[in-house]
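I opened the notebook to record what I looked up, one entry at a time.

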Amino acid sequence: MRIVAIYIDEHDYMFNAPQTINFGGRYLYSFEDTDKGLNVSRAENSQFIEGFFQLTNCDTVLTNISAIVGQNGSGKSTILDIIRSVFINSIFALPQCKKLILCERINDHKPTLLINDFGEVHFTNSDEKLQLENTSQKLTSIYYSPHFDYKYNRNFDDYDKFDISFDKILEQDLSEIFETSSSENGLPYSPNQELLFRNSIRQIEFLSSELVKEKEIFKDLFQLPEHDDPLIEFRGYNENEKDWNTPYTFRTFINGIKEKTKKELDDWHKVRDTKKLDQIEVHKYLLKRHVVKFTIILIHRIFERSNNFLHEGDIISDELKKEFEEQDAISSLLLLIKTISISGKKVFSYAVADQLFRKLYELIDNVSNENEITQFSLRMKKEDAVELLVLQKNFISDLNRYYYLLRNDKEDAVYQEYHKVDGFIFYQPFSKNLSSGEHAILNLFSRLYSFIDINLKKIKYRELKDHFVLLLDEADLSFHPSWKKKYVMALLSTIPYFFDELEDKPSVQIIFTTHDPLTLSDIPNSNVVYLNSNKENQETSVLGIDDADRPQKTFGANISDLLADSFFIEDSLIGDFAKEQITNTIDWLKRKADKDNYQFYKSLISLIDEPIVKRKLFEMYDHKMGTKIEKVFIEEEIRKLQNRLDKLN
């Protein structure tokens with residue numbers, strides 16, 4: 001199955017005339033609205049190659065990939081919305097247009113109607129009527145967008161269950177945070193930390209999946225750093241907190257643990273020499289102490305929040321003081337957590353803390369490879385990483401919740417954010433920090449994988465479809481140019497594997513919007529939908545396959561041709577600032593008598609990196625100023641060419 005064409009008769013704000021959109025199947029379709037109904041005809045698509053986009057050995061077939069391009073505001077996302085609206089079971093989720101969406105069956109290429117608002121539809125090629133075949137029950141769309149723009153789409157935000165856009169994922173995560181916390185008398189966990197936690201889990205699940213670790217479908221696509229298992233990092237806050245609000249009776253113990261930890265860290269070389277420790281054991285020793293250090297700093301930060309009750313801390317008995325003095329840093333920390341109370345109320349849950357540190361120390365003790373541990377990080381299996389992050393979440397929630405329970409001014413809502421602390425255990429996808437573009441590509445794949453895994457693979461009574469239409473709305477927006485070149489290749493070589501995890505192997509189609517010519521150069525021209533915006537009347541039209549204004553070059557085309565044609569860049573292929581400076585220079589060169597600022601214009605011409613423009617402007621400069629700069633420029637070009645020739649020889 002594949003969606004091959006859309007016919008739109010009217011639209012509230014985008015089209016004021018009928019429009020035909022072809023996505024590049026075996027046939028290209030045309031439509032004629034008559035008194036007797038809608039006539040549909042088709043012609044062979046000379047650019048179509050069966051199986052052209054099938055790069056994997058999966059049972060899941062990738063039937064087509066198409067691109068939608070146009071200026072900002074031309075309606076690229078609206079076309080995606082028109083497709084999405086077919087699968088939304090709500091009277092409110094209706095983009096304001098009269099439409100027909102046509103599909104092709106893969107086996108016999110027979111056209112079938114996905115939706116029809118035009119009455120009778122006559123297929124002129126065979127003199128038969130096209131009928132709705134309840135196709136919408138067999139296929140659905142999955143929508144992804146990386147944008148976070150606070151934009152509420154009234155047509156879809158409450159109805160599309162197959163929406164994995166950043167806006168929707170964020171809304172769902174925040175909703176789950178609210179629902180979880182509503183029964184706990186206040187938000188127990190920093191929203192920022194909670195969102196980071198949830199996104200980390202998605203990334204861990206994807207990078208630890210069989211697809212990545214065994215089939216290696218993602219590993220080498222973008223030259224991301226090597227990774228085997230999830231990397232957990234441990235980071236602390238500023239340890240020099242002032243004792244302004246910490247209960248006086250607790251200060252001695254908090255500072256005592258800090259001093260013990262510092263001494264144990266300072267003495268690591270003595271321990272190594274005495275016990276003949278190897279590098280792995282040294283890192284184990286140091287990491288355990290850093291965990292204690294970061295935890296006590298965390299607790300200290302909790303105590304230092306503005307308050308009016310912390311002076312009421314209960315005094316620890318002399319017996320406990322003695323026990324505290326005799327123990328090492330970690331035992332002292334657990335003793336403090338176990339015994340500390342305010343006004344007779346236990347501050348922390350010892351069971352929660354004990355569970356976290358037992359698990360963490362167990363993971364540290366089990367390390368046998370020096371590449372798995374440093375004094376600030378630890379590699380572990382997916383299950384252990386997820387469990388550890390969950391245990392930390394429980395621990396931090398416990399710390400934050402105690403603060404709420406003991407406050408006298410609970411009506412003050414400001415505390416909910418201001419008085420929260422984040423954790424000290426962080427998931428790091430790779431050994432180095434990722435750029436925003438690297439995070440973008442990882443989020444795209446991890447969110448799609450998570451959605452399929454949870455909603456389509458694991459739910460027992462799910463509704464599986466025969467065909468999925470993956471709608472990607474500028475998903476390549478923040479990619480580096482070298483990655484944009486790989487974008488289409490990455491989609492073709494990975495997406496089928498995601499859906500191949502399902503019991504019944506579906507077919508998949510990809511339709512994406514883009515602004516980037518590097519991305520477009522991987523798409524045959526008949527698979528590109530061009531939207532042309534009229535600046536005067538602010539209306540959009542779709543450029544048909546035979547339209548004189550339609551660009552004719554995409555697949556493997558020159559980047560300059562793609563920029564000039566496909567993305568409707570008018571007048572020039574350079575930035576407006578550079579264009580204005582060059583225009584001003586030409587105007588100055590034409591004024592024979594005006595020789596002021598000659599040095600400025602000489603320097604400006606030297607900046608230009610386009611050799612033909614640069615040589616011509618120097619020629620004009622020499623003619624005006626009586627110099628021979630063009631000769632020097634040409635000699636320099638000859639020298640560079642000679643050097644290149646020498647290297648080739």
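**Entry 1: a residue in a strand**

In which strand is the place of Thr63? I looked it up and found Thr63 in strand 5, which covers residues 61-70. I noted at the start that the model is predicted.

I then listed what Thr63 touches, leaving out residues up to four places away in sequence. The list holds Met1, Arg2, Ile106, His467, Ser507, Val508 and Gln509.

I turned to helix 17, which runs over residues 576-590 and has 15 residues. From its first C-alpha to its last it reaches 21 Å, close to the 21 Å expected at 1.5 Å a residue.

Which residues of helix 17 are buried? I wrote down Ile582, Thr585, Trp588 and Leu589. Looking down the axis of helix 17, I saw that these buried residues fall within an arc of 120 degrees, so they line one face of the helix.

What covers the buried residues of helix 17 includes helix 18 (598-607) and helix 19 (611-625).

**Entry 2: aromatic rings**

How many aromatic pairs does a search of the whole structure find? The search finds 16. I looked at Phe206 and Phe445, whose ring centres are 6.4 Å apart and whose planes are at 10 degrees, so this pair is stacked. Phe206 lies in helix 3 (residues 191-207) and Phe445 in helix 13 (residues 436-457), so the pair ties together parts 239 residues apart in sequence. I found both Phe206 and Phe445 to be buried.

Tyr449 and Phe498 form an edge-to-face pair, at 6.1 Å centre to centre with 85 degrees between the planes. This pair links distant parts of the chain, with Tyr449 in helix 13 and Phe498 in helix 14 (residues 481-499), 49 residues apart. Tyr449 is buried, with a relative accessible area of 12%, and Phe498 is buried at 2%. I noted that Phe206, Phe445, Tyr449 and Phe498 form one aromatic cluster.

**Entry 3: charges over rings**

Last, I looked up charged ends over rings. The charged end of Arg84 sits over the ring of Tyr143, 3.9 Å from its centre. That of Lys260 sits over the ring of Phe324, 4.3 Å from its centre.

Technical notes:
Residues numbered from 1 in each chain as written. Predicted model: local features only at pLDDT ≥ 70, side-chain atom pairs only at ≥ 80, totals over all residues. Heavy atoms only, no water. Helix = DSSP H or I, 4+ residues; strand = E, 2+ residues; numbered from the N terminus. Expected span 1.5 Å × (residues − 1). Buried < 20%, exposed > 50% of the residue type's maximum accessible area, 1.4 Å probe, protein only. Arc of directions from axis to C-beta. Contact = heavy atoms within 4.5 Å. Phe/Tyr/Trp six-rings, centres within 6.5 Å; stacked < 30°, edge-to-face > 60°. Lys NZ or Arg CZ within 6 Å of the ring centre and 35° of its normal.
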